[in-house]
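Load the model and work through them in order.

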Amino acid sequence: MGYFIADNIDNNNTCINELSIEYNFNPLYYRLYCMGYIINLVACMLFFGGYLSALDKEEENKDEILR
């Protein structure tokens, strides 16, 4: 069984806890919280460095180009 990536919603905790009972695994070990958000932050830092405002400016310019 692999790892579970889910949001921090109580429903997800309940689901993973029930699956852990059914398939006999440790839900705390195989649960990754907010991993998508963490990956997004890392990708932004790799692409834009400390200049996340550059991403905002790029999005503003994209709207002007489409018009």
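**Exercise 1.** Find the residues that Arg31 is in contact with, leaving aside its neighbours within four places in sequence.

*Solution.* Start with the contact list, taking contact as heavy atoms within 4.5 Å: Arg31 touches Phe4, Ala6, Asp7, Asn8, Asn12, Asn13 and Ile16. Next, pick out Asn13, whose side chain makes a 2.4 Å polar contact with that of Arg31 (N or O atoms within 3.5 Å, one able to donate a hydrogen and the other to accept it; residues adjacent in sequence count only if both atoms are side-chain atoms). Finally, check accessibility: Arg31 is buried at 5% relative accessible area (buried is under 20%, exposed over 50%, partly exposed in between, with a 1.4 Å probe and protein chains only).

Before you go on, this is a predicted model, where local features need pLDDT of at least 70 and side-chain atom pairs 80 or more, while totals for chains, interfaces and linings use all residues. Numbering runs from 1 along each chain as its sequence is written, and side-chain values use heavy atoms, without hydrogens or water.

**Exercise 2.** Classify the ring pair of Phe25 and Tyr30, then that of Tyr3 and Tyr29.

*Solution.* Rings of Phe, Tyr and Trp (its six-membered ring) pair with centres within 6.5 Å; planes under 30 degrees apart are stacked, over 60 edge-to-face, the rest tilted. There are 5 aromatic pairs by this rule. Phe25 and Tyr30 have centres 5.8 Å apart and planes at 85°, so they are edge-to-face.
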